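Welcome! Here is a short briefing to read alongside the model, topic by topic.

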Amino acid sequence: MALEMYDNLGAQPGGPPANIQANPFGNAFSGASSGFIRGGLGAYGEKILGSSSHYVQSNVSRYFSDPQYYFQVNDQYVRNKLKVILFPFLHRGHWTRITEPVGGRLSYKPPIYDINAPDLYIPFMAFGTYVVLAGLSLGLQGRFSPEALSCLFIKGLVGWFLQVSLLKMTLLSLGSGEAPLLDIVSYAGYAFAGLSIALLGTIISNYSYYFLMPWTCFCMGIFLVKTMKRVLFAVVRTYDSSSHHYLLLFIALAQFPLLFWLGKISLNWFL
């Protein structure tokens, strides 16, 4: 009895070591199974992570594109682009973007090589100019304060967001939302170039507001109509032609209330 208890409990302090027989087959099967599990799970996990990263990367590039692409500009591009934005009816060239083969597929050329390519340099610079001129206008009226400038800054961002939403909803209503978001942000932000010119004219003469603001709205409407028709609508597979023209007209007409609202420098957003 004592011997059986000793064998079951194993080696005790001060006692002889237990006689444990090794099982080579158990160790072999254990090593093989653990190696199979590690290899199988590793390959499966790598496959899942690889497919997930490819899916995320493809969708990010599909909807957002490369941000660096939108800042490849030079002085000549900026001058020519501003002419197209401020005087779109004088643009005699085509409105389609230029493509080039890259990595076995077609990609659009950057703005430095294509006047019709969207960029973010002009929208950001124009938005900053708009905020500075709005603050200068408030200063000339004796109403400048950091809080007022912050309010106008937020108002400009809200106007930019509304313009982006207008263009995006137009594409979605036609059955396509595949256009990169940064493309739409760029086209919507070009409105601040005309708004800056209008604000500068208003600072010089109050009467110029009644000429420059309608002109800005009219030119921006033409620019967006031609751009949406030739560039963004290229991704739309099927659409009704009547709905197409009505939506283009709606985009053009929507510029008047939106830009007049942004061009009205006041502490009250609704006046």
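Helices α8 (209–230) and α9 (241–263) each supply at least two residues of a nonpolar surface patch. This is a predicted model, in which local features need pLDDT of at least 70 and side-chain atom pairs count only at pLDDT 80 or more, while totals for chains, interfaces and linings use all residues. Residues are numbered from 1 along each chain as its sequence is written, and side-chain values use heavy atoms, with hydrogens and water left out.

**The nonpolar patch**
- The patch covers about 860 Å² and is made by F87, F89, L90, F211, W215, F218, L249, L253 and F256.
- Patch residues have over 30% relative accessible area and no salt bridge; nonpolar side chains (Val, Leu, Ile, Met, Phe, Trp, Tyr) are joined within 5 Å, and like charges within 9 Å.
- One of the patch residues, F211, sits in helix α8.
- F211 counts as exposed because its relative accessible area is 54% (exposed means over 50%, buried under 20%, partly exposed in between, with a 1.4 Å probe and protein chains only).
- Helices (H or I, at least four residues) and strands (E, at least two) are DSSP runs, numbered from the N terminus.

**The second largest pocket**
- This pocket has a volume of about 360 Å³.
- Among its 13 lining residues, S137, Q141, T202, N206 and K264 are the closest to the centre.
- Two or more lining residues come from each of α4 (121–140), α7 (191–204) and α8, and α7 gives the most, with three.
- A pocket here is an open set of points on a 1 Å grid over the protein atoms alone, where a 1.4 Å probe fits and protein lies on both sides within 12 Å along at least five of seven lines; lining residues have an atom within 4 Å of a point.

**The salt bridge**
- The structure holds one salt bridge (a side-chain nitrogen of Lys or Arg within 4 Å of a carboxyl oxygen of Asp or Glu).
- Its partners are D183 and R97, whose side chains meet at 2.9 Å, N to O.
- The pair links distant parts of the chain, 86 residues apart: D183 is in helix α6 (residues 181–189), and R97 is in the loop between α3 and β1 (99–102).
- D183 is buried, as its relative accessible area is 5%, and R97 is buried too, at 12%.

**L86 and I222**
- L86 belongs to helix α3 (residues 75–86) and is partly exposed, with a relative accessible area of 22%.
- The C-alpha atoms of L86 and I222 are separated by 9.8 Å, although the residues are 136 apart along the chain.

Terms used. Accessible areas come from the Shrake-Rupley method with a 1.4 Å probe; for residues, only the protein chains shown count as cover. Grid points are joined across faces, edges and corners, and a volume is the space filled by probe spheres set on the points.
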